[in-house]
Amino acid sequence: MVWETILLAQREIRRNVLRSSLTILGIVIGVAAVITMVTLGGGATAQVATEISSLGTNLLQVHTGQGGRGPGGTRAQADMFKVEDAEAIAREISGLEAVAPNASQRIQTIYGNANWSTSVVGSTNGFLLVRDWLLESGRQFTDAELRTGKAVCILGSTVRKELFGDRDPIGASIRLQKISCQVVGAFQSKGQSSFGADQDDFVLIPLRAFQRRIAGSTDVSTIFISTKESGSVESIKHNIERLLRERRRIVNGEEDDFHLHDMREIMNTLTGTTRVLTALLGAVAAVSLLVGGIGIMNIMLVSVTERTREIGIRLAIGAVEKEVLLQFLIEAVVLSCFGGIIGIVLGLVAAAAGAQALKVPFVFNPGIVVVAFVFSAAVGVVFGYFPARKAARLDPIEALRHE
Amino acid sequence: MKPTVGEKSENGPLIELRAVTKVYGMGRAAMRALRGIDLTIAQGEFVAVMGPSGSGKSTCMNILGCLDTPTSGDYLFQGIAVGKLNRNQRAMLRRHYLGFVFQGYNLLNRTSALENIELPLIYRGTPVDKRRAMALEALYAVGLRGWEAHTPGELSGGQQQRVAIARAIVTNPRVLLADEPTGNLDSARSREIMELLTAFNRDRGITIVMVTHEPGMASYAKRQVYFKDGLIGNRSSREDTL
Ligand SMILES: Nc1ncnc2c1ncn2[C@@H]1O[C@H](COP(=O)(O)OP(=O)(O)OP(=O)(O)O)[C@@H](O)[C@H]1O
Ligand SMILES: [Mg+2]
């Protein structure tokens, strides 16, 4: 009986192709919008997540200055860190994997005729560990180079391409300002970040070399710390904060003049934001599904009026209310499911195109496809019920007499 | 809901109306369409219902067909008090025991003759193969071999009425109710239809109650019942055949 009714419904739908298509248009657009929004949103979230984890998820970052880093921030007012601060953290805090004191400056680099303005970063080998940098060729710094502050460097892949093109840079000497610096290694590329920054555009030199030959001071602006996966980040953060307050002689009640960022925290905030945005967009799209449902109800009501005689015949011949109800309900559900399927296909195509255009990954989300389908079927049930009940409750005598 | 009353041979009344009234509307606007009808019809009868327009013939047919219930009085169908049944129970009676031929044919548009005839079998839950075979048999019985796939729009009035009759008898009903089945057919077509009905009454023992305005058509029936102002008037002399 149900199968029979489904066949009947699809025949009824095919009889009026134009009207049926217009009826389901609302559902198609609604479902397509939901699928597109959620898929693109999911792609953006995934991208933010990979981006941040490419910085290292177990990364802590300590800056001087109060609060965040606003434009022209307040950092300058606070004393800079010294190498000893980083050493003290490495020595006294347990549960750490590596600590890398860090200072940087924009500098013109020159090799032969090529020159390139880039960020020169002074740090230790810990930098590679903490920030997840892998070497493509060459080596990291030796202890002697770090201790003596020798003029050696490891190139980010952008700098290597700009200065050397396809040639092997290892062993060559480049100029950083006035100093001549020997290339000992080259980093693997991490690619461009979606925030627009090129992560590969930098040159790493030993911190001591940076301080002596470039900055002319012993200041350290940032300390990168990576924690062991197992440890509690919260207690480590707390311990570092206490240690630094002590070293910087901040009395109780006074605010920190440095700030501790937790990458996991930042990642959660950022992915959380994109998730909320995705949900919002999805909700807006869902409203159009609702509108689509009202469209179906409208057409079903018209259909019931138009087919009053047919309903009368069926009732007179011996159909019970439930059977007529089922017939119209199934018709509505078949319509809306059909709209749902078309919408899903359209939505996925639009999402794939959009992902390409916006350069975010296309993350297929089977969950939302199922939800969209079930939802469109539900729209059929909910908005088809009222017209179907109207049909089932008709008086057969009145219905037969209808026009 | 299987037959509870015996076969054709039994003479107990199939249909019994006792002081049936039907009032439409309320208070001053009330319209007393039936004002106390007593009517007994036995299994296998062929009854013609006649009377002027507005005398309550269709109202009575609707009650006989379990489409409507009396305002007062009793309608016993095979001994079942129809007035006490709910909508769905009455639908089940129609499904299993009754066949209708409506005045305006009332076939499903854009649906083939064969599918129209199959319709009552669908609600009876007859399996597809058997359904098709039964529908074809009914279609042949009304002389429409070769018109299976035609839709009502492609059939003449007489042919449409035959489809309607085939649809009514395909289930082999206890009672066939026909409200002016020849109402808008010429006399030659009307006679054909009457011959079909007479044959079904004679050969299959289907009880027929038919409303008609034309004495010529009524004469095919073994008994005539006259309605006047919601009451049954003087009966036909053929009543003695009961
Ligand atoms: N649904 C209704 N509401 C109000 N009055 C009705 C309704 N149905 C029928 N009537 C009235 O009841 C009376 C009997 O109607 P009915 O249809 O039974 O007449 P009829 O004998 O079949 O007439 P005809 O030969 O013209 O078909 C008429 O006066 C009619 O106006
Ligand atoms: Mg009438």
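Helix 1 of chain B contributes three residues to the shell around ligand 1, the most of any element. Helices here are DSSP runs of H or I with at least four residues, strands are E runs of at least two, and both are numbered from the N terminus. This is a predicted model, in which local features need pLDDT of at least 70 and side-chain atom pairs pLDDT 80 or more, while totals for chains, interfaces and linings use all residues. Residues are numbered from 1 along each chain as written, chains are lettered from A and ligands numbered from 1 in written order, and side-chain values use heavy atoms, without hydrogens or water.

Ligand 1 lies between chains A and B. Its shell counts 15 residues (a heavy atom within 4 Å), and B:Ser53, B:Gly54, B:Lys57, B:Ser58 and B:Thr59 are the closest. Helix 13 (396-401) of chain A, and strand 2 (31-42) and helix 1 (57-64) of chain B, each supply at least two shell residues.

Let me turn to polar contacts, meaning N or O pairs within 3.5 Å. Oxygen atoms of ligand 1 lie 2.8 Å from a polar backbone atom of B:Gly54, 3.2 Å from a backbone N or O atom of B:Ser55, and 3.3 Å from a polar side-chain atom of B:His213. The protein buries 68% of the 630 Å² that ligand 1 exposes when taken alone, by the Shrake-Rupley method with a 1.4 Å probe.

Finally, A:Val370 is in helix 12 of chain A. Is A:Val370 buried or exposed? A:Val370 is exposed (over 50% relative accessible area), at 51%.

How values were computed: A polar contact is a pair of N or O atoms within 3.5 Å; within protein, one must be able to donate a hydrogen and the other to accept it, and residues adjacent in sequence count only if both atoms are side-chain atoms. Buried means under 20% relative accessible area, exposed over 50%, partly exposed in between (1.4 Å probe, protein chains only).
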